[in-house]
Amino acid sequence: MKPFVLLIEDDPQIRRFLRAALAAEDYQFHEAFTAEEGIAQAAARQPDLVLLDLGLPDRDGLEVIRGIRQWSQMPIVVLSARGQEKDKIAALDLGADDYVAKPFAVGELLARIRAALRRSARLATDGADTVIRFGDVQADFEKRSITVRGEEVHLTPNEFKLLQVLIKHAGRVVTQRQLLNEVWGPQHTEQSQYLRVYVAQLRRKLERDPARPRHLQTEPGVGYRLSLDHTDADS
Amino acid sequence: MADTTELQIRDGSPADLAEAAELKATRSGSRASWREFAAAVIIVGFATLIALALRPYLAATNLAMVYLLGVVAVATRCNRPASVMASFLSVAAFDFFCVPPYLTLQVSEYEYLITFAGMLVVALVISAQTSRIRAQAARAVERESRTQALYRLSRRLSTKTRVFDTALAAAEVAEEVFGAPVTIFLPEEGRISFRKRTSDQLLISTAEEKIAQQVFDRGRKAGKGMENFPEAAATYVPLKGAGRMVGVLAILPGTHGQALHDDQHHLLDLFANQTALAIERTQSQNAAADARMQMETEEMRSSLLSAVSHDLRTPLASITGAASTLRSQGEKLELAVREELLESISEEALRLSRLVGNLLDMTRLESGMELRRDLYPLEEIVGAALQRMEPQLAGREVTATVPEDLPLVNVDDVLLGQVLVNLLENAAKYSPPGSAIEIAATATPAAVQLEVRDHGRGFAEGEEKRLFEKFYRGKSEGVRGAGLGLAICRAIVMAHRGTIEALHRDGGGAIFRIRLPLDGRPL
């Protein structure tokens, strides 16, 4: 069945090319122009994914996320302006799945949409894989073993937990706050230095070149993203 | 009073200094006179003992010498009245103990009267001369300490570039010199403000605001020890510059509650005058700097307008042209040409987007954007920048060398990332496609250094500084840009109190070197 996308965006030109791109990918879609209408349509039509512009004429786009999250976990991908990290973090912390900064190439947007749909499908079937592979890394959560190029790598309990959380949200940005909350607990959400040091250690253990990470990617000012589908050019 | 003060400064009048020293002498005389008189009596007594011991061996006239020595001793130690008293006492003691008949003031031979007269005259001359020398020495010391205090003041004031700092430094030096709490009040819109003062402690009650204001308005001292408002807690001295009043200096009694002496008052006037001139100088320097900045701002605005209009219009023209060609003649064009036009639309749009982003960044940085600093591994910032630049760096060998043990840097990760992106963009623009680019980080005890090196044509000799100016474009041909990238880099690095410089690379190419202080102090 074709996925159904709700597009909440007030700018006609942006809607125009998004319409073309979505149609070309065989998505079904419905357009809403305001926050009010967006929330109503999300409830009425139960889309598979919401594509949300944060700058809406009637209300802050963040309120749409808050509204939808009260009753649904449907994936929400946010369109935001460049340089507004605060908005991105707020959107993600409110429960948005991902964001794309304007101006963006359509290819990038479609990739984010696909990743979000995949995640939600995986959650729906509750079939979290116990063995995950990315690049040189193979993570077996049942056996709690991590191997890099076939060799067992020792991770500390916190590193392991961090990797687990990143894999759970694979493909999407996880804010520093969310990571700290899920790994260290809600009382540690301000200690982002902790997190950075652990991510750096994890990169040293898992990445070929920790200064040019293929998988454990940084979203400056926002958080981290574990990219599973990046294949090494030389492998 | 203030007028005479100015005169005194200009000619540095020795008469005034002498007067001050004299005042000091009288003052100390009245306070410690009993002690000095006692010393005089003891010394004369001592001279008498020696004279008595020598009496069997020497003629009486020679014994007078012992007393004269005593007078010299008194004169070098005690004040004038004490040494005059010692002179008379010596003559009397000489008569009483050394001139027969002993132990009476009677004189057996009249020629002794000549001895007495001579002795008295010599003793008085000695005491007069010696106390003059003493006064001169005291004056020299006084002058020296005053000169030192004023020198210290002027040295401290000369380094200050802000009015408030100048006032603060002056108050500090004055506190040291006078050993009493000093506060300087600066005016706000023509009124003395108790908010703009150098001391945070409310040592002076706001009730005295009126006095400070009056001193400011009239330019005359008032307060404790003065004619006007003697009941006040502090003494208020106007800070009168060459052109106008610049503030009021308030001095409280010292820690032991003692009031200022007259010569200290005199020094205080000199202090006030120098401070006022320094504040006035700082004000006019600041005014000049403001004017210069305004000129630069205006110049910047006009060059911004011309650069922006050109840089915005060019890509817009290409986009409009390509799009309209596709629309009107799309069917007649070959597929390859259509592809080319589409490519140019998307490239030019991206260029426009970068330009607008740069302009926004620059504006934000210039309006004093707040840094959101935290401790980051440099490796992470480098990695994120490389990731963002991946499309533009495709086909190049890019190496990033970041030592594992590099200390965390206290930076705004987004902004420092922008610096790296701009430098990488630059390197990609100004070096041949496919050539290598290196990023290397090293640590020194005080700073972390980050270099971006390329193998391009580099930049012309003498351009090292100009490269970082706004809207400056390198002399290389065939590359387009608004000339903002490096200016943004410099603004960001400077906001982090670091440095950025461009260097020539041996064998061709450019090196951009950033140094960020580890402790947050400027490099």
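Partly exposed is the label for a relative accessible area between the buried range, under 20%, and the exposed range, over 50%. Keep that in mind for one of the residues below, in this predicted model.

**Cis peptide bonds**

- In chain A, the bond between Lys102(A) and Pro103(A) is cis, with omega at about -5°.
- Pro103(A) sits in a loop, with β5 (98–102) on one side and α5 (106–125) on the other.
- Chain B has a cis bond too, and here it links two prolines, Pro100(B) and Pro101(B), with omega at about -5°.
- To find Pro101(B), look in the loop that runs between α4 (80–98) and α5 (111–158) of chain B.

- Arg149(A) isn't a glycine, yet its phi is positive, near 50°.
- You'll find Arg149(A) in the chain A loop between two strands, β8 (145–148) and β9 (151–153).
- Arg497(B) also has a positive phi without being a glycine, at about 65°.
- The loop holding Arg497(B) lies between α13 (485–495) and β11 (499–504) in chain B.

**How exposed those arginines are**

- Arg149(A) has a relative accessibility of 53%, so it counts as exposed, the cut-off being over 50%.
- Arg497(B) has a relative accessible area of 43%, so it is partly exposed, since that label covers values between under 20% and over 50%.

Methods. Residues numbered from 1 in each chain as written. Chains lettered and ligands numbered in written order. Predicted model: local features only at pLDDT ≥ 70, side-chain atom pairs only at ≥ 80, totals over all residues. Heavy atoms only, no water. Helix = DSSP H or I, 4+ residues; strand = E, 2+ residues; numbered from the N terminus. Buried < 20%, exposed > 50% of the residue type's maximum accessible area, 1.4 Å probe, protein only.
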